[in-house]
Amino acid sequence: MADELIGIINNLGIPTEAFLVIVILAFLAIGAVIVIVASRPVLDIYPYLQPNARVRARKGRLFNEKQLSEIIEADNIEEVTNYLRGFKDYADYVDKYPIEKALDVQLAESYNLISRIAPNSVKDTFSLLAKKVDISNIKSLIAAKEMGLSREETLNFLIPVGNHYETFEQLADVKTVSDVINGLDGTEYATLLEDALPAYNESKMVLPLESALDKYFLESILSKSAVATDNNSRLLHEFIGTQVDVANLKLIIRAKNDNLSFDEAGSFLIKSGYQIREWKMKDLLESDSVSDIVGRLEGTDYHEVLSESLPEYNEKNSLEVLEKALDNFVYQTAKSLSIQNTLGVGPIISYLTKKENEIKNLKLILRAKRDVNFSVSEIQEMLV
């Protein structure tokens, strides 16, 4: 067999030594391909090892059902505050700030942490998510000046975190909403607020300004996450896209409840959408009722979740029922994505969603404690 092979090689005019070199190189090339293919999953996972270890440690410190029940059963806000002092994530904040501001600062620090430790392929998206603090602070400034609050009163509403906080702190001195917008000159928020200012001046309502901020934030983060380089960034885009759809649906449902047309409400929508595109948004706003909107969502992931909540909405005539159902859908989406991707971006998505829900629930409990008429069961029903 060997003699025959040598004979074939000689007939081809290839020296035996050269042929052996070619064979060895071929085996090396095949081996290299196998190594690359086999190591690709490891290379995808490796950047997430340390971030996910830190995230899982923080996730383990989130309140469980028993602890949340203990907070609900507190007699007043002071007892809630004292309870939070016993936990590492909240102790320093509740001693430094008023309780609700302490919660906002703690959540902002969580976003900042993720934006710092996230792998490069998704870092830009999480850095944009951290800008929620900027949006919140600008809204607080606008609301404070609309109400004519003093510098000290305005500062109480601001979250002392973020790249623009020094600018926001200086704007606590100004007198009007227009002064706030002028003071933001040079930031990324100036132009969009200037464009919305005529609508504010005409309506004398802050809604056009707040909607412009929300729309800018959601459009920016949806666009950034759409640049998918791997499975992790694609899953992150799905999560962000779901949040955008939910924000649009909440606005559409409220607009229909207030009898607003597409021309009146359309400017506030994120037209690119995710599952729900602009033509579908127009179709939904042309519905006869909120129930009709739910019917026209058939074929999307949102139809079932809203259909299940529709009887309760009709009974209570409360949009909060549908909004809570949509919020829960976002939570379930995050949970599903985290299960699909336990070694990648999944744990980060899961942690941030659960952290947001924890802060929302704590704020709901605090507001309920200001009204002694809320029972424990009523508070539990309000939680997200």
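This is a short talk on one residue, Ile72, and two helices, H21 and H15.

The model is predicted, so local features need pLDDT of at least 70 and side-chain atom pairs count only at pLDDT 80 or more, while totals for chains, interfaces and linings use all residues. Residues are numbered from 1 along each chain as its sequence is written, and side-chain values use heavy atoms, with hydrogens and water left out.

I start with Ile72. Ile72 sits in helix H4, residues 65–72; helices here are DSSP runs of H or I, at least four residues, numbered from the N terminus. The relative accessible area of Ile72 is 2%, so Ile72 is buried, meaning under 20% with a 1.4 Å probe, protein chains only. Setting aside neighbours within four places in sequence, Ile72 has contacts (heavy atoms within 4.5 Å) with Ile365, Lys369, Val376, Ile379, Gln380 and Leu383. Its C-alpha atom is 9.8 Å from that of Leu364, 292 residues away along the chain.

Next, H21. This helix covers residues 346–369 and has 24 residues. Its first and last C-alpha atoms are 35 Å apart, close to the expected 34 Å, which is 1.5 Å times one less than the number of residues. Of the 24 residues, 20 are buried, so H21 is largely enclosed by the rest of the structure.

Last, H15, residues 231–257. Its 27 residues reach 39 Å from first C-alpha to last, close to the 39 Å expected. H15 is also largely enclosed by the rest of the structure, because 19 of its 27 residues are buried. At its start, a side-chain oxygen of Asp230 comes to within 3.2 Å of the backbone nitrogen of Asn232. After H15 comes Asn259, with a positive phi near 60 degrees.

Note on methods
Buried < 20%, exposed > 50% of the residue type's maximum accessible area, 1.4 Å probe, protein only. Polar contact = N/O pair within 3.5 Å; in protein donor to acceptor, adjacent residues only side chain to side chain.
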